[in-house]
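Subject: Structure handover

Hello,

Here is the structure we talked about. Please have it open while you read; my notes follow below.

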Amino acid sequence: MTGEPRIGDVFGEMLRDALAVSTGIGPRPLAGGRLPRPVIEIIERDDGLVNGAPAAHYLDPPQDWQPHDHRAVDRVRGATLDVGVGGGRIALLLQERGVPVTGLDTSAGALQVCRRRGVRDLVHATVDEYAGASGRRYDTFLLLGNNLGLIEGRERAPVFLAALAAMARPGAQVIAHGTDPYGTRDPVHTSYHENNRRRGRLGGQLRLRLRYRELGTQWFDYLVCSPGELAELVHGSPWQLADVDDRDAPYYLATLRLTG
């Protein structure tokens with residue numbers, strides 16, 4: 001016994017159980033051996049902070065979405081790549097609207113959940129892997145569910161944005177959901193921001209791992225940044241920051257457009 005989690009497909013296992021609890025179909029974790037146990041995603045930060053949130057929202061139908069999700073899907077046009085498709089909630093609505101959509105995820109279990117829910121076109125890969133092998137081109141790239149964080153930080157951003165551009169048709173757009181982290185006065189977070197800056201990182205550049213039951217992920221970077229920081233990260237890339245919709249601040253939708 002090491003006290004450390006076993007490395008595995010945390011997201012896939014969690015979504016599988018969340019789907020089983022919501023549908024009553026398939027094995028699911030039980031409390032006291034009888035009642036379905038809520039499926040909780042545990043997020044552990046490298047300074048020791050631990051947060052938990054119900055995983056059911058990854059399966060939410062459109063009537064339970066946040067307003068910015070609806071505004072994001074209303075901006076979609078043409079062939080669409082849903083990066084970090086998760087439980088498939090966005091892809092399913094786009095399919096219903098007749099939009100050709102591909103769901104991309106690194107979690108094999110998440111893709112299995114998507115298939116069970118009816119998402120038709122799915123790819124198991126990173127953005128870089130898919131850009132290098134697929135030959136397919138898209139008009140819209142979605143980074144919803146706070147998946148702007150996949151940019152990770154200054155070092156990763158140019159590579160990530162170039163991979164999207166390699167799959168982009170002329171005039172393509174990226175629609176990304178982000179969160180401005182700097183409105184808080186909570187010293188747990190403000191001190192983390194300051195410590196990051198002392199190390200040459202962006203203030204909201206999180207170092208995380210996910211936990212579910214006995215499983216854990218490897219540690220990874222996930223970026224929570226302000227619109228101003230995003231503009232700096234995009235500068236010099238094949239994209240330009242065309243619009244920021246912050247009506248649901250601190251959450252915002254950023255629209256990037258392909259230059260040239």
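A residue is called buried under 20% relative accessible area, exposed over 50%, and partly exposed in between (1.4 Å probe, protein chains only). By that rule, R211 is partly exposed at 22% relative accessibility.

This is a predicted model, so local features need pLDDT of at least 70, side-chain atom pairs count only at pLDDT 80 or more, and totals for chains, interfaces and linings use all residues. Residues are numbered from 1 along each chain as its sequence is written, and side-chain values use heavy atoms, with hydrogens and water left out.

The sheet

Helices (H or I, at least four residues) and strands (E, at least two) are DSSP runs, numbered from the N terminus. Two strands pair if DSSP finds at least two bridges between them. Seven strands make an open, mixed sheet, ordered 8-7-6-9-10-15-14. Strand 8 (122–124) and strand 14 (239–245) are its edges, each pairing on one side only. From one strand to the next, the twist averages 20°. (Axes are lines fitted to C-alpha atoms, for helices over the stretch in contact; angles run from 0 to 180 degrees between N-to-C directions.)

Strand 10 (residues 168–179) and strand 15 (residues 251–258) run antiparallel, joined by seven bridges. G178 stands opposite Y252 in strand 15.

Two helices lie across this sheet's strands, with contact meaning heavy atoms within 4.5 Å. Helix 8 (residues 227–234) lies across strand 14 and strand 15, at about 165° to strand 14.

The salt bridges

A salt bridge here is a side-chain nitrogen of Lys or Arg within 4 Å of a carboxyl oxygen of Asp or Glu. The whole structure has 21.

E44 pairs with R211, closest N and O atoms 3.2 Å apart. E44 lies in strand 4 (residues 40–45) and R211 in strand 11 (residues 205–212), so the bridge ties together parts 167 residues apart in sequence. E44 is buried, at 15% relative accessibility.

D221 and R207 also meet in a salt bridge (3.3 Å, N to O). D221 is in strand 13 (residues 220–223) and R207 in strand 11, so parts 14 residues apart in sequence are tied together. D221 is buried at 15%; R207 is partly exposed at 30%.

Finally, there is a network: R71, R75, D243, D245, R247 and D248 are joined by salt bridges that share partners.

Best wishes
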